[in-house]
Amino acid sequence: MQDVFQLAYWIPLLPLLGAMINGLGRHHLSKTLVGWIGSGTVLGAFVLSLFIFFQVKAGNSAVVHYFDFIKVGSLTIPFSFQLDALSSLFLLIITGVGFLIHVYSTAYMHDESPDQFARYFAYLNLFVFSMLLLVLGANYVILFMGWEGVGLCSYLLIGYWFKNPAYTAAANKAFIMNRIGDLAFLVALFWIITKTGAVGFQDVFSFVQQHQFTAKFTGTDITVITLLFFIGATGKSAQLPLYTWLPDAMAGPTPVSALIHAATMVTAGIYLIARSNLLYSLAPATLHIIAWTGLLTALLAASIAIAQNDIKKVLAYSTVSQLGFMFLALGTGAYAAAVFHVMTHAFFKALLFLGSGSVIHAMGGEQDIRNMGGLSKKLRITYITFLIGCIAIAGVPPFSGFFSKDAILLSVFLHSPLQYALALLAALLTAFYMFRLLFLTFSGRFRGTQEQQHHLHESPWAMTVPLMVLAVLSIIGGWVGIPAALVPDAEALHHFLSPVIPVLSHTVSHETEYALMALSTGLVLAMIIAAWVRYRNYQPGAPANAFVNLLENKWYVDELYNKIIVRPLSALAGWLREVVEASVIDGLVNGVGRAVQYSARQLRLVQSGQVGVYVLLMVLSMAIMLVIQFFVRK
Amino acid sequence: MIALLILLIPLLGGIISFGAGTNKKLVSLVFTFSTALLLTLVLLALTCFKQPALSAFSAPWLQGVGSSFSLSLDPLASVLCLLTAIVYFLLALYMLEKPIERSAAFYGWLLLAQAGMMGVFLATDGLLFYFFWELALIPMYFLSSIWGGPRRIAVTFKFFIYTFLGSVLLLAGLIYLQSLTPEKSFALDALLKVKLTTAQQSWLLWLLLPAFAIKLPMFPFHTWQPDTYEEAPTPVTLVLSAVMVKMGILGILRWLLPIFPIAAYQWGDVIMGLSIAGIVYASLIAWRQDDLKRLVAYSSIAHIGLMTAAAFAANVTSLQGLCFQLFSHGINILGMWLLVDLIERNTGTRKISALGGIAQHSPVLTIFMLIIALANIALPLTNGFVGELLMFTGLLATKSNYFLVLTVAAGLGIILSAVYTLGMIRSVFFGQPNSVTAQPITLSLLEQLVLLIIVVLILFFGFFPQPLLDVTAQYTDQLFRQVDISYLFRKF
């Protein structure tokens, strides 16, 4: 019955093979073949993931052990996969959305030369492989392999157009900021190994359950480990203070932004914490920090998104903000709600990014929404699907985003009214900036050049079909998590996840739930109308006030980091090189050398050839020796 | 017996090479054949003949002072001999088509250096160890001062004086140690049995350590290294950094830790602190280098810093990680040097600011550089990750009071290595090609083969590290059997 579990290794292996074939054969394969190999391998992984999913749904789960990766002393790090509710859900998201984005890419990247086209697909497949490894790994080391692998692929794909120095700078920035988080992840990992002697999720969790708050595993241990993992997550999932790489990462091709920087990789941090929910539930202090970090990130990024004019930048900050919502959910202990939002967000944010790609494609590379407008007539499918995405992310029932956001808001409401008010504010900002984006892009009059207007066209089917599939998912994707207040025996997703994530017991009346839903829906609709009034017939030229300038310049956070971290560090390195290394250390060495030379010259003077001096020295030294002997005897 | 053969093959190869005179074809053939034969022998020794009778060798030698010609191919020596054999063989393949002035002497000295290093790794007698230690140094002196760059004389002189100073202290320490043994013997077994007071251990530790610290080099004894690496011809730099620095680690592992465990424990914090300060220091300086060779040189100091710290953390995890890294670091830095050499040969410069856009015309070279650079910054699924994972785990498990500070400080190297490595790749390989890099760098079949072997080793041991870890496990078993230092170092 569980034979399909034994085949689980094919899920990451297929994309890896695809990456190798496309990478090595890039000079020999036609674009069509490259596209088929790239998409086909991910489709194969998707089909296998479906089998796994249904096995898990039937109540099975397993840890499949392949071989011992490292065995040193009493430490064993197996290469093994965890097949359970959490990983199977992520498998479906990664391979499903991943497949659609691969298909989309075959059309979007069609202007590339064949070998570059193959290089792109090799990287993209390698990314899918790494991401699958991340969620399949049954221990923190395998998870970290995937964790670093996706970081590498992100680096390669952000800098895919490597001739542009700004793009490669963005790639480096992404990798290095992720590495800062990785250091925290690693220290947490070493700490776990030192304390528990194990790395496997099940071993670690059962050890912690047995020894929690004893000398073997103190409260400090739990706090430090959870906090360090969270710092790791802030790097990968673009939270304060390490979020600034994600907006820059938009330098990569748009499908990459959709897959890596919206739907999958950036949710790795949420996966890590949801996977370790047992540890986090023991660390209320850490949860507190997570909740506030997520909330502040959600607010900050949403405020920046309001004033951005690059279509992809708006979506990037929106992603940062939505990830903040997920961390807020984690911080309030609503792990399942966070995972639920990961899923719906993957649908609608991938849809929105791919939609923006379709717009950019039609506009001949233009990304500034001030130069767009009125596109709804020429790009029907893109417009309708983008609209669906906007409604979904804004949180209007019965679209998917409503249910996942509602689950988060409810949990926050029960946790802290203040946090609820701020989270609601962030949700309203979301509705506003998304519909600002929609109206500026698709409504009003076209504001671009004549040439662009002439060029406007709907994208080919390889791009529009994925848009349509994602649009359907953005509508119905939330129905797996309809709250019990609306439909009896609902919350299918929470029950599905319950073996990994314990179900929270609500103590809230249905009336309160209805009131909260009505409040958020009403306010969201008001924000949409406000955006409609303001941006439906946008005319460029109105001077911006100082506050909008501040938002447009992203609160000057990049400049601040540059001033207080990058430049001082660079100056320190220069000082070490010029002064310490050259003058102090090497100077000391050379000084010692010169001192030896000098004393040698002085000593040579002693050999004067005068017998009297020799005799004197002899007598003196004999005297000294006698004195020494005298004292030593005593 | 095999141990003796491992020593004799390069020695004979060197002598024949000197004798071959001006026949360049014959010289390269001798070099290639000798290194290939040695690699075959070491591989056979590791896989087929594991009986101790075959791997050890002893003959009388300077009996008057209690020394004997004793060699042993124990697990630690086999890792290092394997590394040396691989590095030399790949170097021979790489150099096969490249002309070099006075090649007979060049390859002759290189082979003699190989013999010297093999002797250092194999010797189980203190005086013999010292003898080979010096023997390995002399060829390097000639190689750098004859075939080196414009500043070669001054730089090589400094290198020689510096390392010679360490050697003198090493000899003094060994002689003193011998005088303390009841049977007045230099044999490692006798030295291990000597009863030393804590004060004696400390004095001896500081007599022996400078030699090893200079050879590594350990911060702040490192200033000879970037200059020497820069001035020496790349094949020599490569041998120095891939293999010769391992002599320092071996010195610590075989002649320091087991003989002076209490002193190593007491001074551990200081030495680990220095090593880790060196990681951050060298990484920051590497970031600000404009010469590819100096960048690799400083990055090597940073890597070695972690290895030294792991040695003094002295638990099963850190030591096995260290032994694994001895091998990985050699392979990876070999790859780095070959790529630097290829870039310099084809563009005529090593200046990072003068290069750029190589990826445009030379995608194959770029892929090799990416993989090797990623191994250097210890990305998972490369060999670099395994060693660092174990060394860091071991470092955090030490008894030191500052273990967390030490680990995090050492971990800064993880971030900084990405900063300078990716910065270099961006400047050299990405962007628009310029007049210097307008011509594609095409790799000959042989060069591609050499780099491919390196990449295969990187990925293989990144995914299946266990075969090598089984060998290093034998080493730690043996070490902790020889000396029970588990009461000092938390055994993990």
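Angles between axes under 35 degrees count as roughly parallel, over 145 as roughly antiparallel, 65 to 115 as roughly perpendicular and the rest as oblique. The model is predicted, so local features need pLDDT of at least 70 and side-chain atom pairs count only at pLDDT 80 or more, while totals for chains, interfaces and linings use all residues. Residues are numbered from 1 along each chain as its sequence is written, and chains are lettered from A and ligands numbered from 1 in the order in which they are written.

Begin by selecting residues 75–95 of chain B, helix H4, together with residues 234–256 of chain B, helix H11; helices here are DSSP runs of H or I with at least four residues, numbered from the N terminus. Their axes come within 11 Å and cross at roughly 175 degrees, and H4(B) and H11(B) are therefore roughly antiparallel to each other.

Next, colour chain B by its domains, which come from an automatic or database domain assignment: domain 1 covers 1–259 and domain 2 covers 266–492. The C-alpha centres of domain 1 and domain 2 of chain B lie 22 Å apart, and 38 residues of domain 1 of chain B are in contact with 46 residues of domain 2 of chain B. On the side of domain 1 that touches domain 2 in chain B, H11(B) gives the largest share, 11 residues.

Conventions
Axes are lines fitted to C-alpha atoms, for helices over the stretch in contact, and angles run from 0 to 180 degrees between N-to-C directions. Helices (H or I, at least four residues) and strands (E, at least two) are DSSP runs, numbered from the N terminus. Two residues are in contact if their C-beta atoms, placed from the backbone, lie within 7 Å.
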